[in-house]
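Here are my notes on this one, as promised. Have the viewer open while you go through them.

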Amino acid sequence: MRGESPVFERVVIIDFMSIEESISVECPKCKHEQDIVVWSSLNAQVSPEAKAQFISGDLNVFVCQECEARVSLAMPLLYHDMELQFCVQFYPPESLEDEATLRLYEPDGSVVAGNVFSSASNPDMMEKMRYVLRPHVVFSMQEALMHVLFRENLALFHAHGTSA
Ligand SMILES: [Zn+2]
């Protein structure tokens with residue numbers, strides 16, 4: 001995917017509220033340029049429509065209006081579920097060697113606290129959200145999706161004794 005997919009300047013901060021922005025992307029195939037909305041942080045409760053896109057595999061995917069080329073954008077995504085109290089951080093595989101990314105984490109895989117940005121000013125809320133310091137870090141969007149489904153099934157299973 002490297003060399004084909006548009007690459008973005010990364011905002012090196014972890015924020016558990018939803019962050020979306022509109023960017024201009026040039027189709028790697030036909031060079032047609034169009035605007036798309038991309039997400040670097042997705043809060044499942046705040047943005048259920050983006051969650052639905054994530055589940056169907058359409059989030060942060062460029063689909064060209066001219067030639068219909070379909071390209072996954074190589075950009076980090078934090079998925080955050082406040083109800084089930086977990087978060088999954090996806091990075092493109094090249095981030096494994098990216099110092100700015102590695103600097104965000106302690107040797108044990110937890111986030112260096114100063115790198116978590118919260119729009120929540122309430123200290124009680126911050127305390128409840130301590131789990132954001134321990135995101136499940138993955139390097140494929142498919143694995144990010146699988147982990148979300150796993151946590152949702154776990155919650156259902158323990159609440160009802162079934163995952164159905
Ligand atoms: Zn195109």
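**Notes on the model**

1. Start with Gly57: this residue sits in the loop between H1 and strand S4 (61-63). Helices (H or I, at least four residues) and strands (E, at least two) are DSSP runs, numbered from the N terminus. Gly57 counts as exposed because it has 12 other C-beta atoms within 10 Å. The cut-offs: buried is 20 or more other C-beta atoms within 10 Å of a residue's own, exposed is 12 or fewer, partly exposed is in between, and C-beta atoms are placed from the backbone. Gly57 and Met141 are 84 residues apart along the chain, and their C-alpha atoms are separated by 8.3 Å.

2. A word on provenance. This is a predicted model, where local features need pLDDT of at least 70, side-chain atom pairs count only at pLDDT 80 or more, and totals for chains, interfaces and linings use all residues. Residues are numbered from 1 along each chain as its sequence is written.

3. Now the strands. S2 (residues 19-26) and S3 run antiparallel, joined by eight bridges; strands pair if DSSP finds at least two bridges between them. Glu21 has Val38 as its bridge partner in S3, and Val25 has Gln34. The two strands make a hairpin with six residues between them, and Lys31 in the turn has a positive phi of about 70°. S3 also pairs with S6, this time parallel, over three bridges, with Leu42 opposite Tyr79 in S6.

4. Which residues touch the most other members of the largest nonpolar core? Among its 20 residues, they are Trp39, Leu42, Leu77, Tyr79, Cys87, Val88 and Ala144. (Such a core is a set of buried Ala, Val, Leu, Ile, Met, Phe, Trp, Tyr and Cys residues joined through C-beta atoms within 7 Å.) S3 (33-43), H1 (48-55), S6 (77-81), S7 (86-90) and H4 (141-160) each supply at least two residues of this core, and S7 gives the most, with four. Domain 1 (1-74) and domain 2 (76-164) both contribute residues, so the core lies between them; the domain bounds come from an automatic or database domain assignment.

5. Finally, Leu77. Leaving out residues up to four places away in sequence, Leu77 touches Trp39, Ser40, Leu42, Asn60, Phe90 and Ala144. Contact here is C-beta atoms, placed from the backbone, within 7 Å.

How values were computed: Contact = placed C-beta atoms within 7 Å.
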